[in-house]
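Open your viewer, load the model and get ready to click along. Each stop tells you what to select next and what to look for there.

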Amino acid sequence: MCKCENRKIKAVFFDQDGVLFNSMPFHAKSWELAMTENGMPFSAEQTYRNEGRTGASVIQENYRAIYGVDAPQEVIEAVYSAKSDHFNRLTGGKLPDLIPGVRDLLTFLHQHGIQCWVVTGSGQRSLLNNLCTTFEGIIKPDHIISAFDVQHGKPHPEPYLKAWERSGFRKEECMVVENAPLGTRAGKAAGLFVAAVNTGPLPDSDLTAEGADRVFPSMHALLEWLQQN
């Protein structure tokens, strides 16, 4: 088994956006356009700081901040539909590139008998529907926790707790790989070891402030560390 901080790791729970796929720039532009079109200014930085939340939660948080009340359901649905349309248009209907080094990392884990899970707040079906084919033989359909599987998205621990419970392993046998502050917070709130890989524009300090056990500059660095432990 692969060891990590003197633990025998049997399952790794990967976030999706910014961890598996280099999709965050597309999400940032899509959120900016969809929110602004519906009277709610939203910046790229806000996307990265809200990364990990479900789409409905992102809209709700922004609506409350601007208007001081909860967003009507029809607003949530309209904004998220627009956001999905913009995302698909910006990507040209194609999958974003993989984060450099992530395929090597997942292959290494799979070859060592370690389960690879995806735990994401995303409801972007264009990405979710391709996970098992993109990582064929490594990620299984029942090893995916998405926005459709939880009542509370990140930073609530429910997504990672659900993955841990379904895995059947002890917490000390599981590890989270995140790139976002709120996802890191969720992983730590679930009582799991969190390796944060900073693939975005936010400083490392935003990840350590949320309790990341280790922060890495790249997937290659994380893989090298795992190979040595």
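Throughout this tour, two residues are in contact when they have heavy atoms within 4.5 Å of each other. Before the first stop, know that this is a predicted model, in which local features need pLDDT of at least 70 and side-chain atom pairs count only at pLDDT 80 or more, while totals for chains, interfaces and linings use all residues. Residues are numbered from 1 along each chain as its sequence is written, and side-chain values use heavy atoms, with hydrogens and water left out.

**Stop 1: helix 1**

Select residues 24–37, which make up helix 1. Helices here are DSSP runs of H or I with at least four residues, strands are runs of E with at least two, and both are numbered from the N terminus. Helix 1 has 14 residues and reaches 20 Å from its first C-alpha to its last, close to the 20 Å expected at 1.5 Å a residue. That expected span is 1.5 Å times one less than the number of residues.

Which residues of helix 1 are buried? Colour M24, H27, A28, S30, W31, A34 and M35 to see them. Buried means under 20% relative accessible area, exposed means over 50%, and partly exposed is in between, using a 1.4 Å probe and protein chains only. An α-helix has 3.6 residues a turn, so residues three or four places apart point the same way. The buried residues of helix 1 pack against helix 2 (44–50), helix 3, helix 4 and helix 6 (125–128).

K29 is found in helix 1 and is partly exposed, with a relative accessible area of 37%.

Leaving aside neighbours within four places in sequence, T36 is in contact with P41 and F42. The C-alpha atoms of T36 and V79 are separated by 9.4 Å, although these residues are 43 apart along the chain.

Step past the end of helix 1 to G39, whose phi is positive, near 75°. Most residues other than glycine have a negative phi, and most peptide bonds are trans.

**Stop 2**

Show helix 3 (residues 55–67) together with helix 4 (residues 73–91). They pack at an angle of about 115°, with their axes 10 Å apart. Axes are lines fitted to C-alpha atoms, for helices over the stretch in contact, and angles run from 0 to 180 degrees between N-to-C directions.

Which residues meet between helix 3 and helix 4? On the helix 3 side, select G55, A56, I59, Q60 and Y63; on the helix 4 side, select V75, I76, V79 and Y80. The residues of this contact divide into seven nonpolar, two polar and no charged. Here Ala, Val, Leu, Ile, Met, Phe, Trp, Tyr, Cys and Pro count as nonpolar, Asp, Glu, Lys and Arg as charged, and the others, Gly among them, as polar.

**Stop 3: aromatic rings**

How many aromatic pairs does a search of the whole structure find? The search finds eight. Rings of Phe, Tyr and Trp (its six-membered ring) pair if their centres lie within 6.5 Å; planes under 30 degrees apart count as stacked, over 60 as edge-to-face and the rest as tilted.

Select F13 and W117, an edge-to-face pair with 5.9 Å centre to centre and 80° between the planes. F13 lies in strand 3 (residues 11–14) and W117 in strand 4 (residues 115–119), so the pair ties together parts that are 104 residues apart in sequence. F13 counts as buried at 0% relative accessibility, and W117 does too at 2%.

Next, select W31 and Y80, a tilted pair with 6.0 Å centre to centre and 55° between the planes. W31 lies in helix 1 and Y80 in helix 4, so this pair ties together parts that are 49 residues apart in sequence. Both W31 and Y80 are buried.

**Stop 4**

Move to P155, in the loop between strand 5 (144–145) and helix 8 (158–167). The peptide bond from K154 to P155 is cis, with omega near 15°.

Continue into helix 8, where the buried residues are E158, P159, Y160, A163 and S167. What covers them includes strand 3, strand 4, strand 5, strand 6 (174–178) and helix 9. Just after helix 8, G168 takes a positive phi of about 80°.

**Last stop: T184**

Finish at T184 in helix 9 (residues 181–189). Is T184 buried or exposed? With a relative accessible area of 0%, T184 is buried. Apart from neighbours within four places in sequence, T184 is in contact with E178, V194, A196, L207, E210, G211 and A212.
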